Amino acid sequence: MGTDTQNPTLDTFAQGQAIARAMEQDHGMFEDTLRWWTEDTDLMQGFQLSASMHDAYGGIVCTYLDMLADEYPKTERHLTLLSQRMEHNEKLTPYTMMNQALSLAHALDYAHLLTPIGLEAPPSSRWPHVRAEPTCMSETSAIVAALYETATLPLRLARRTESMYSFRTRLNWRGDTPISQLGGCLPTPLLADERHTDPLDILMQSMLARRHGKESIIHKDTAEEASKRLDAAWWDASLPVATFYQSKCRASSADTLAANPASNPVASTIPYAECFVARDADANAEKPTIDALAYDEQLPEPLVTRAFVPLAYPVDSKFAAMFHGTTSDGRPWPYNNDGNHAPRVTSTPCVASLQTSPDIGRLAHGARQFIVRVLQGHEPLSMYGVDASERDLLGDVRETFESLCDAYGGTENECGNDDGGPATDEEWDTDAWEV
């Protein structure tokens, strides 16, 4: 793993920090380009940043996040950290695990809202009409981008009723749960069976609707049935990150997930807060979609919000050809159950949400357990891409995750013999945190 300053690699968090400082010193991107854009803005809500956290880019984005916090302390800073599947780079696993822990810990110091996302393809059992290659970064990132763009769409509408500040304060109303989870379904599994596919039927229904003022589509599903269809198609893109360290502690966890894709984790606890956004070109879809989202909801308003945007997610011509068994407007094709029909999709309905929930406690506990094992172990810190002089820094990182564990509540110890007790080669404070 090279550390040559003339030809730096992108392997470790520290290398990313050094690269960011060198870029700022040589090019002054922050002082010149960013300042010009912020001064030219009429009403700046905040900053939205995104970067991978399994390599040096985590160090780069956290360094710039630190600069933003110093220069714009009262401006919203929302960060999305992307995690790649470990099967793709097993050689870098020690570096990757440390990079993710350091990225999360530093981001918690400077970001108002943090959303970790796993770059993985949704299981076909949940999204039968989307066939994404799990090892293809462009396809998995396209899915994640569609969900995140939909979940944050109300912040960018011309007539918006939500700002980055109100959005964040609603999700983190407790004040100590700044990590959100991204979830959703694409395409929305509603209205497929009720839509007419024959051109003559569509024309007749349109004429009748204009004459009698009736809806051209009859929604047969009850709210309960529609809610079940949404639940069956819902995929949480953040939980693979939440269970990352547990899967490394117990190989059986990853083996179980690989052997049974349908067991892909889904949020299983009542969230603290959640913001739903549904988008569909068919305005008639608003009522059944909102009713399905509201059915059996256990959160009261304003802890949960539901917004509908009459605009389907646009599928660009450069978008990967992942849709199968759908119409050109991205709806499941009711008369082609084998899913081999692959038309040119131009748009698709989508539902996405950002929520804060106790499920993220698994990420906090797993990351803390990893740092404890590093501090207790006898391997050199260089094995994890950390300088030996930065052992105290890892102690601060451990305390950050301990505070996060306290906020999200305790979870079962999934890593065997780690009880959080004092290490054999270092002294801990007498009030050290215990699981």
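**Around helix α12**

Hi everyone, let's start with the cover over one helix: the buried residues of α12 are covered by elements including α8 (223-233), β6 (273-279), β7 (304-309) and β10 (350-356). Contact here means heavy atoms within 4.5 Å, and buried means under 20% relative accessible area, exposed over 50%, partly exposed in between, with a 1.4 Å probe and protein chains only. Helices (H or I, at least four residues) and strands (E, at least two) are DSSP runs, numbered from the N terminus.

A word on the model: it is predicted, with local features needing pLDDT of at least 70 and side-chain atom pairs counting only at pLDDT 80 or more, while totals for chains, interfaces and linings use all residues. Residues are numbered from 1 along each chain as its sequence is written, and side-chain values use heavy atoms, leaving out hydrogens and water.

Back to α12, which spans residues 286-294: which of its residues are buried? They are Pro288, Thr289, Ala292 and Leu293. Just after α12, Asp296 has a positive phi of about 60°.

Zooming out, the chain has 14 helices and 10 strands. Of its 435 residues, 51% count as buried. Among contacts with a separation of 6 or more, 80% are between residues 24 or more positions apart.

Finally, cysteines: Cys62 is buried at 4% relative accessible area, and Cys275 is buried at 2%. A search of the whole structure for disulfides (cysteine sulfur pairs within 2.5 Å) finds 0. Thanks, everyone!
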